[in-house]
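Welcome! Here is a short briefing to read with the structure open beside you.

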Amino acid sequence: MFIGFDYGSANCSVGFEQEGKVTLVPINGDSCFLSSTLYAMDRELIAEAVYHRIADDLKPEFGKLRAAQLSRARLVRHDLHIYPEDQVVFVGAEAIDAYLELPDEGFYVRSPKSFLGASGLRVEQVALFEDIVTLMMLEVMSRAKAHINEPITKAVIGRPVNFQGVGGEKSNVQAQAILETAAKRAGFEQVSFLFEPMAAAMDYEASMTSHKTVLVVDVGGGTTDCSMVKMGPNLQHKTDRSDDVLGHSGQRVGGNDLDIAVAMNCFMPHLGLGSKLKNNLTVPRQPFWNGVAVNDISAQREFSSLATAKLIDVLVKDAEQPELIKRLKALRLHQMSYQFVRQAEQCKIGLSQQSAFDTDLSFIETGFGINVAQKAFEIAVHQPVTKLINIMNQAVEAAGVNPDVVYVTGGTAKSPVIHQCISSQFTDAEIVVGDHFGSVTSGLVRWAGKVFQP
């Protein structure tokens, strides 16, 4: 049996074909979307968790590849007094809950897809992300199999046009290889990949009654991808759409970047960003940026370093408003960067429905909260929104024609500021808003039906 698998930056989802119709599978209670997050009591326990869950015939080879990690995992279990039956790795909502309960312990990663293809990844880091993705896929498939009564052996997996803003095709090859390795270890015998905006296009085309040139804009959690495609009812049967694709564009900028921008520009001034030292100089910007750059491995490593701890202590002594810098110190000390940016995400979501939002940051300091107005939000996210506009224009320029329709999908596209920027750029085109979360998955299922047809 085949499925469509959207391993997204924000959420994972899967779908299959049932009686000729696309059905998304509930994998998170009644919800069809599982948060792309993982928490482990120690990072060394991730490889061990994969080893226990993969098929028996894969264990010998995997055991050799991860011998060092498996050995260290045994030591960690001993040191932390973890029993064999204890759950040590969590995925989705359970991962978020575990992190919020003990933010300064364990290993937490949000949107692991955002790291795939990053330049400078060491061999052991690539191995770690292979294991993280494998474990998440295993968990998703375990939940999906509870609703699908057939063996699941084939999948079309969505991928962004470009995983990273730098690194070019080398980054894309590395990232897709990680996904493919993980998928095979998760039990898939055949795997195919499809650009995510093309998947969304397949879903939209199924409802079209006339032929049009469509700009598909998929604004996801970690990436924004665009495809300009000739679409219509007489083209739906085709298994090769290369002649219909007029242009692609994509970059690693999405909802996560909006969250980070809000955390940096709206929240961090209340932790001392832009404040003065006693010598009238401005406090250095870098530690504040490292504190919110949760999709940058090197930035997070630098923020948690001893050097940053010492720098913050000096800033507390030299600051005109030391009480602000002490909040930054608490953020670093208790490893609450993800929690901090998560509150920025809640602010973004809240401002999609109201003109101002009260953000609770009492986990940093008792009674600490910030009111963010819609205008302040728009100013804060100006830079990533400008990048989104550029990505859309690149696809149009590559195609050499203007779109008749702009089809918008992706969870981040729910934000009014995103919808406004799209509407203002394409005043002569019809703007169609699809299923913000399910379009890509549905399109992957439709394409899987063509790729894996008997």
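Two strands count as paired if DSSP finds at least two bridges between them. With that in mind, T37 stands opposite R110 in β7. Please remember throughout that this is a predicted model.

- β6, β5 and β7 form an open sheet of 3 strands in the order β6-β5-β7, and the pairing is antiparallel.
- β6 (89–91) and β7 (107–110) each have a single partner strand and stand at the edges, so one side of each lacks a neighbour in the sheet.
- On average, and ignoring direction, neighbouring strands of this sheet are turned by 10 degrees against each other.
- Strand β5 covers residues 37–40 and pairs with β7 over 4 bridges, in the antiparallel sense.
- T37 has its place in strand β5, and its relative accessible area of 2% makes it buried, because buried means under 20%.
- Although T37 and V91 are 54 residues apart along the chain, their C-alpha atoms are separated by 5.8 Å.
- Leaving out residues up to four places away in sequence, T37 touches F90, V91, G92, A95, I96, Y108, V109, R110 and M136.

**The five-stranded sheet**

- Another open sheet has 5 strands in the order β12-β11-β10-β15-β16, and here the pairing is mixed.
- Its edge strands, β12 (245–251) and β16 (430–433), each pair on one side only.
- From one strand to the next, the twist averages 20 degrees.
- Helix α15 (residues 382–399) packs on this sheet and touches β10, β11 and β12; the direction of α15 makes about 155 degrees with that of β12.
- Strand β10 (residues 212–219) has 7 of its 8 residues buried, so β10 is largely enclosed by the rest of the structure.
- How many bridges pair β10 with strand β11 (residues 224–231)? There are 8, and the two strands pair in the antiparallel sense.
- A hairpin of 4 residues joins β10 to β11.
- In β11, K230 is the bridge partner of T213, while M228 stands opposite L215.
- β10 also runs parallel to strand β15 (residues 405–409), with 5 bridges joining them.
- L215 stands opposite V406 in β15, as well as opposite M228 in β11.

**Two crossing helices**

- Helix α8 (residues 255–267) and helix α13 (residues 337–350) have axes that come within 8 Å and cross at roughly 100 degrees.
- On the α8 side, the contact is made by G255, L258, D259, I260, V262, A263 and F267.
- On the α13 side, F340, V341, Q343, A344, E345, C347 and K348 take part.
- The residues of this contact divide into 9 nonpolar, 2 polar and 3 charged.

**Nonpolar cores**

- Which residues have the most contacts inside the largest nonpolar core? They are F5, L38, F267, M268 and F340, in a core of 126 residues.
- Helix α5 (residues 123–145) gives the most to this core, with 12 residues.
- Apart from residues up to four places away in sequence, F5 touches C12, S13, V14, M137, V140, M141, V156, I157, G158, F188 and L444.
- A second, separate core has 22 residues, including A201, M202, M208 and V216.

**A covered helix and a buried arginine**

- Helix α7 (residues 196–205) is mostly covered, with 10 of its 10 residues buried.
- R185 lies in helix α6 (residues 168–185).
- Is R185 buried or exposed? R185 is buried, because its relative accessible area is 15%.
- Setting aside neighbours within four places in sequence, R185 is in contact with I54, L58, F62, L65, R66, E130, D131, T134 and L138.

Key. Residues numbered from 1 in each chain as written. Predicted model: local features only at pLDDT ≥ 70, side-chain atom pairs only at ≥ 80, totals over all residues. Heavy atoms only, no water. Axes fitted to C-alpha atoms, helices over the stretch in contact; angles between N-to-C directions. Contact = heavy atoms within 4.5 Å. Nonpolar A, V, L, I, M, F, W, Y, C, P; charged D, E, K, R; others polar. Buried < 20%, exposed > 50% of the residue type's maximum accessible area, 1.4 Å probe, protein only. Core = buried A, V, L, I, M, F, W, Y, C linked by side-chain atoms within 4.5 Å.
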